[in-house]
Amino acid sequence: MYNVTVSKNEILFKRFNELVRITPCSDRSIRFEGFPGCRAVDENFTLMPCDAACEIDERDGYVTMTVGALSVKLERNGRITFYSEGNVILEEKPELTFDGGFRFYENQGNGLWSARVTFKSNESEHFYGLGHEASNKFDLKGCSFDIRHVNAKCTIPFVYSSLGYGFLWNNPAVGNVELSCNRTRWSVGATKKIDYVVIGGSPKDVCETLADLTGHAPVMPHWATGFWQSRLRYETQDELLAVARKYKKENIPLSVIVADYFHWTQQGDYKFDPKYWPDVKAMTDELHNMGTKLVVSMWPTINEDSENYSYMRDSNMLIRTARGSDRIFNFYGWQAEIDVTNPDTRAFVWGKLRENYIENGVDALWFDEAEPEIHPEQFDNLLMYMGRGDEIALLYPYYYSKMAYDGFRSIGVDAPVTLTRCAYLGSQKFGALVWSGDIPSTFESLSCQVKAGLNMAMCGIPWWNTDIGGFYGADTQSDDFRELIVRWFQYGVFSPVMRLHGSRNRHGEKHDVKEPSGDPNELWSFGDKNFKILKELVFLRERLRPYIEHHMKIASQKGYPVMRPMFFDFPDDEMCYTLGEQYMFGDDILFAPIVNRSQTKKQVYLPAGKWILTKNMQEYGGGYYEIEARIDEFIAFVKKGSQVLKAFFDNKNDCF
């Protein structure tokens, strides 16, 4: 092919209005880049390509690159086709007649392009991933999703295909992905290139390679694997300590308690209000003596009354705008937002966080609004250190978590944990513990979260959780919510992190504080019967911690999620690709949450093998079974012979 240049590990293809570069990305993956500006732009974003050998075969009319069992063919007309062990897994679909129109670019007149690439649809293919969103879909085939971050929607632009490959869209621009029945299409509105990586292999192979390419999570520290207590919000130091003391008095293990927002003086001050929190160091010392860590909320918002506002604004540490005011979020007045893509911002803000929180004994941070939240959602109006918002918006939570990670590492903390409302490819290597945002307190929401968590699990983010009970709309005195909190709590036991949180409807008068709290949200807040059930579930979580920590080490080493879809462990069982409301929790536990109101029975599918139902130790083989689970029961099976089975009936926590 006259318009192809081949070197040892690179294919360059030139045609009108496009330069294509194909390279090996690891020993299981191949990277494609298309440059509408006709010159290469060497930008990896968060991708970390690995050196790998490849074979290149140039023929008349096409050229191929092979890496292990994966190969790609580039034809003279520009069409790209990927193969695994000789079988087609991904093939571009022409937009024009006579097999023309592969990849589409439109110049935006500012050095950026809108771009899209379209692939043929395979009706037998299933997709999983794309982060979390309350779509109530497990298999994403047939769906269309915006590529953007908003509250309760975290886009990780990666999917795993049931055909045996992963597709990583290496582009942080705002866009859209269609996984429809007539095509698969990825598109963005402002970019300098099309950039994606295809990874071949089983779910375990792909997850391991994804971790190599985007970063491995640290080993989660012991303190984070226990029970977390939170609510919106503890208004004073005395109130928070009273809750922790009661847990201690009740002999209920409390790993973490959280101080939520508006504990501060002003948005952007990054410190406790001494009127309500008079001695933070004494508070943290007492918590630590009780064996409890303190996590404190921080928002990226800042207003002109903040003591840091003028300096940060004049130092260009805030997100600027192309048009109109730089106040892009209205919450107790219009707020600006810090620009964490700027390294100077990260250094300055971390200094304040260290001085006011960490040096006073705070153990970890909660980065709320990590998308960041803006209204209206006009990403092209945002100007950041790294570029325009619609070109790089997905990177914001990545650098937000990096700020905390680099800061904690600089003071000797080896494995920081940062609770964050959003993430991007690679956030896991910064200790990002992602939660699913502000979701409603309904059974429908619980069902959505189970599926969302399994899709997030396939995206390289092993640390994930939800607000147990949902975030908003709950009446803690109603029978409906008291049923929901138990079922959600059961799900929380078998989540990577078990964290109770929510804004509960207020009964009685509000206190004279800014942003008053809702009703209490502790184990004893939902009736005596529930208190006993929830307390036993915390004790079960405590006994499961050695098992969970074993799998957290595997998550760090290999990239395997702790909570994972059934097909992850049983890729040859076609039924497992359809199961969105049961999953594996580690290698040995199969959990099937109850997600419907008044439900006491559930049909569960067991892959081939021998399984023990934990509630009665009955043995089952493979197949479908209807299992009963009254309100004080849950459905969990353990592989026969696994040591973790003892945790379900032994009061010790050394069961693994």
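Predicted model: local features only at pLDDT ≥ 70, side-chain atom pairs only at ≥ 80, totals over all residues.
1. The largest pocket is lined by 17 residues, and those nearest its centre are Glu-536, Leu-537, Asp-632, Phe-634 and Phe-648. The volume of the largest pocket is about 460 Å³. Helix H10 contributes the largest share of the lining, namely seven residues. By class, the lining of this pocket comprises seven nonpolar, three polar and seven charged residues.

2. Helix H10 also takes part in a helix–helix contact. Helix H9 (residues 479–493) packs with helix H10 (residues 528–558) at an angle of about 5°, and their axes lie 10 Å apart. Because of that angle, H9 is roughly parallel to H10. On the H9 side, the contact is made by Arg-482, Ile-485, Val-486, Phe-489, Gln-490, Gly-492 and Val-493. These meet Asn-530, Ile-533, Leu-534, Leu-537, Val-538, Leu-540, Arg-541 and Leu-544 in H10. Ten of the contact residues are nonpolar, three are polar and two are charged.

3. Over the whole structure, six cavities of 30 Å³ or more are found. The largest cavity has a volume of about 100 Å³. It is lined by 16 residues, and Gly-129, Leu-130, Gly-131, Glu-133 and Phe-145 are the closest to its centre. Strand E13 (132–133), strand E14 (143–147) and helix H8 (443–457) are the elements that give two or more residues to this lining. Of the contributing elements, E14 gives the most, with three residues. The lining of the largest cavity is made up of six nonpolar, six polar and four charged residues.

4. Leu-130, among the residues closest to the centre of the largest cavity, has a positive phi of about 65° although it is not a glycine. Most residues other than glycine have a negative phi. Leu-130 is placed in the loop between strand E12 (127–129) and E13.

5. The second largest cavity has a volume of about 60 Å³. Its lining consists of Leu-90, Phe-119, Lys-120, Glu-125, Phe-127, Val-159, Tyr-165, Phe-167, Leu-179, Thr-184 and Trp-186. At least two residues of this lining come from strand E17 (165–169), and at least two from strand E19 (184–191). By class, eight of the lining residues are nonpolar, one is polar and two are charged.

6. Which strands form the open sheet of five, and in what order? The order is E5-E6-E7-E8-E9, with antiparallel pairing. Strand E5 (55–59) and strand E9 (87–91) are the edge strands, each pairing on one side only. On average, neighbouring strands of this sheet are turned by 20° against each other, direction ignored. Within the sheet, strand E6 (residues 62–67) and strand E7 (residues 70–75) are joined in the antiparallel sense over six bridges. Met-65 has Val-72 in E7 as its bridge partner.

7. An open sheet of three strands has the order E25-E29-E30, and its pairing is likewise antiparallel. Strand E25 (320–321) and strand E30 (387–388) stand at the edges with a single partner strand each, so one side of each has no neighbour in the sheet. Strand E29 (residues 382–384) runs antiparallel to E30 and is joined to it by two bridges. Met-384 has Gly-387 in E30 as its bridge partner.

8. Most peptide bonds are trans.

Definitions and conventions: Residues numbered from 1 in each chain as written. Heavy atoms only, no water. Axes fitted to C-alpha atoms, helices over the stretch in contact; angles between N-to-C directions. Helix = DSSP H or I, 4+ residues; strand = E, 2+ residues; numbered from the N terminus. Parallel < 35°, antiparallel > 145°, perpendicular 65-115°, else oblique. Contact = heavy atoms within 4.5 Å. Nonpolar A, V, L, I, M, F, W, Y, C, P; charged D, E, K, R; others polar. Pairing = 2+ DSSP bridges. 1 Å grid on protein atoms, 1.4 Å probe; cavity = no way out; pocket = protein on both sides within 12 Å on 5 of 7 lines; lining within 4 Å. Points joined across faces, edges and corners; volume = space filled by probe spheres on them.
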